[in-house]
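Welcome! Here is a short briefing to read alongside the structure. Take a look first, and then we can go through it topic by topic.

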Amino acid sequence: MKLLVRGGRVIDPASGYDHVADVCIAAGRIAAIGEVPSDFGPQRVIDATGLVVAPGLVDLAARLREPGLEHRATLESEMQAAAAGGVTALAIPPDTDPPLDEPGLVEMLKFRARNLPGPRVYPVGALTLGLQGTRITEMSELTEAGCLAFSQADAPLTDTQVLMRAMQYASTFGYPVWLRPQDPHLARNGIAHEGATAGALGLVGIPVVAETLAIGAIVQLMRATGARVHLCRLSSAAGLALVRAAKAEGLPLTCDVAAHHLHLTDAELVRFDSQAHVVPPLRSETDRRALVAGLADGSIDAVCSDHAPHDDEAKEVPFGESEPGASGVELLLPLTLGWAQEAGLGLPAALAAVTSRPAAVLGLGLGRLVEGAPADLCIFDAQGRWTVARESLRSQGRNSPFLGREVSGRVRYTVIDGHLDFEATAG
Amino acid sequence: MTATDQLTADGRLRHLLTLQGLPREVLLQILDAAAGFLSVGEPETRKLPLLKGKTVFNLFFESSTRTRTTFEIAAKRLSADVISLNVATSSQSKGETVLDTVQNLEAMDADLFVVRHAASGAAHFIARHVRPHIAVVNAGDGRHAHPTQGLLDMFTIRQFKGDFAPLAVAIVGDVLHSRVARSEIHALRTLGVRDIRVIAPRTLLPAGVEELGVRVCHDMNAGLPGVDVVMMLRLQNERMKGSLLPSAGEYFKNYGLTPEKLALAAPDAIVMHPGPMNRGVEIDSAVADGPQAVILPQVTFGIAVRMAVMDLLVGGAA
């Protein structure tokens, strides 16, 4: 299939290329940018006049809920949602049911995904069997099956000896370890940022020190084991300061932030809105501003959706009894554009945080819009405003703290591996 | 803010969920109405027809004897039909959700739900989901709020002390886990009390408690001098099993209210407690049974206050 994307503002964030140009796509690759070869002969021409043509978004955390959690969402529904959000590659956390701790599960997931339209999927394997935190998994076998890193997802790993050995073992083979930094003891029973808001509402707090203590331990274990670590979902200013120090020291550390943490604080909790129940918790305005700045200056490597679709029943209960997480894969682009506006960044810098920078964390040759690169494109209307509503989401999970809010940035076309996998209906 | 969930657009009380943000006029309206109901305890006026034909469901997802009983009595004195359900031991254990339970009871023509639940925010959640004609009274949600207890405490203070503004009030004990303390603090602030002190060890204080408008003390000798009202909080036994406190004995030594410590307060200070009391843990029997204790009047006033709240929400005049 040959595609011609005509007249759009073509941005390659990694190189800073930003010009109105035509893009030729053939055999799953970017064949040419700028000059259209006279003999190109596309089967389909997309008029991108007034639109931005960017590399497809790379999401470091999107739960597709298979296997085992199909009542929340299915591979099919979530891959469609991701494509509608302009996401062309995503990493899947291992917290499925059962968790991704066996090669067969990973192979099956990859096989199922390959046969559906939608983004490239990259499973993150479980670091320990059943995410139980006691026995390490067959990391080499899992890598062969398609895992590109190992993680505990949101499951606690209370035994530091297991953590150290898992990091030692992973570093033997150069496998990255992805960890969400949170001390399990200090976070026990916690459901909200420990501060005046949670105090007044009588919600059990998760103190910032639960994050900093864990980062401190991980950084020391990195020095001791030589492991490469990616920290998932930074939530606090103090945590960010520790990350900066570790990076300055030259440790092989990367980290991400969830898009909702760039916009929301614990002020969302005052009406006990269970949609604002996420992990790590929404923290203070000071923390939020630090995360906005940290992503802008590169201390935070990427922004991800931390997509966690739920059925309505999971949120239609009192706050403390609700399941944590928000459906977000369709909001990644608009929330990133919103962040860039607050941080005073232009479109190329904004898009880098969801394309080339997360692609670098994954270590894959994605997130670029250059000749010869895989043809993964997100074509969007940067000014297109829309209101987040249950009906506007394609994800099976309609759980979002942004319901009812107006956002900017509307995906019009998504090209994945040279195929037009999503096309917005007119209007 | 939380207040909007319980007030109509024109500022009338639609539900009673929290005392945070509850306007002073509404608070005083309830206290005034309660004063009028105080005599309804007398045999010749024991029943008023204000809630005749109305159905009140006491919906207790967390067990309670005292609070449920006083709500029952209050509703009966207003001639309502009252059904009390201990949901903790019935449908919830069969896997029914809170919402299912509420919708089932709505179908039985309820007018008022009195709700207690172990989760903070549960009453807000239910209030957001009930049909428009049904009112919800929060009878305690997790650690968050217990507004009728806060109101009856204000009523008690007014009965014994009159004016609120010049008072110094100390709240002593487990503020961290206490929905009563949070409701008391909001009400005291709204009624103009400027000197509110909380006295507790750091392990029993929520983060940012100062932002509620209180002064924090860790020592009874520093916190009690000159106070007009001492509000004791219940310390549950389970708090002494973990890492919050070493023992009941050491807690009593540091924070138990003894006659000696009470002597630091104003000579005519009153002592309050929401019950049930742990004698010898947070309060010495000599104080609990002494002349300054107003703990039993609190219980009596609680019925009048709950009558006032129910009448305001679903009574004939509503």
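In which sense do strand S14 (residues 229–231) of chain A and strand S15 (residues 253–258) of chain A pair, and over how many bridges? The two strands pair in the parallel sense, over three bridges. Strands count as paired if DSSP finds at least two bridges between them. This is a predicted model, in which local features need pLDDT of at least 70 and side-chain atom pairs count only at pLDDT 80 or more, while totals for chains, interfaces and linings use all residues. Residues are numbered from 1 along each chain as its sequence is written, and chains are lettered from A and ligands numbered from 1 in the order in which they are written.

**Confidence**
- The model scores ipTM 0.90 and pTM 0.94.
- For chain B, the average pLDDT (the predictor's confidence in each residue, from 0 to 100) is 93, and 95% of the residues score at least 70.

**Chain A overall**
- Chain A has 11 helices and 19 strands; these are DSSP runs, with helices being H or I of at least four residues and strands E of at least two, numbered from the N terminus.
- Its radius of gyration is 21 Å, close to the 22 Å that the globule rule gives for 427 residues, so chain A is as compact as a globular protein of that length. The radius is taken over C-alpha atoms, and the rule is 2.2 Å times the number of residues to the power 0.38.
- Of the 427 residues of chain A, 59% are buried. A residue is buried if 20 or more other C-beta atoms lie within 10 Å of its own, exposed if 12 or fewer, and partly exposed in between, with C-beta atoms placed from the backbone.

**The sheet in chain A**
- Six strands of chain A make an open sheet with parallel pairing, in the order S9-S10-S11-S14-S15-S16.
- At the edges stand strand S9 (125–126) and strand S16 (302–304) of chain A, each with a single partner strand, so one side of each is left without a neighbour in the sheet.
- His230(A) has Thr254(A) in S15(A) as its bridge partner.

**Chain B overall**
- Chain B holds 11 helices and nine strands.
- With a radius of gyration of 19 Å, close to the 20 Å from the globule rule for 318 residues, chain B is as compact as a globular protein of that length.
- Helix H11 (residues 295–314) of chain B has 20 residues that should span 28 Å at 1.5 Å a residue, and its end C-alpha atoms are 29 Å apart, which agrees. The expected span is 1.5 Å times one less than the number of residues.
- H11(B) is mostly covered, with 14 of its 20 residues buried.

**Where the chains meet**
- Contacts (C-beta atoms, placed from the backbone, within 7 Å) link 20 residues of chain A with 24 residues of chain B.
- On the chain A side, helix H5 (residues 196–201) of chain A gives the largest share, five residues.

**Backbone details**
- Most residues other than glycine have a negative phi, and most peptide bonds are trans.
- The peptide bond from Glu66(A) to Pro67(A) is cis, with omega near 0 degrees; Pro67(A) lies in the loop between strand S6 (57–59) and helix H1 (75–84) of chain A.
- Phe272(A) has a positive phi, near 55 degrees, and is buried, with 27 other C-beta atoms within 10 Å.

Terms used
Two residues are in contact if their C-beta atoms, placed from the backbone, lie within 7 Å.
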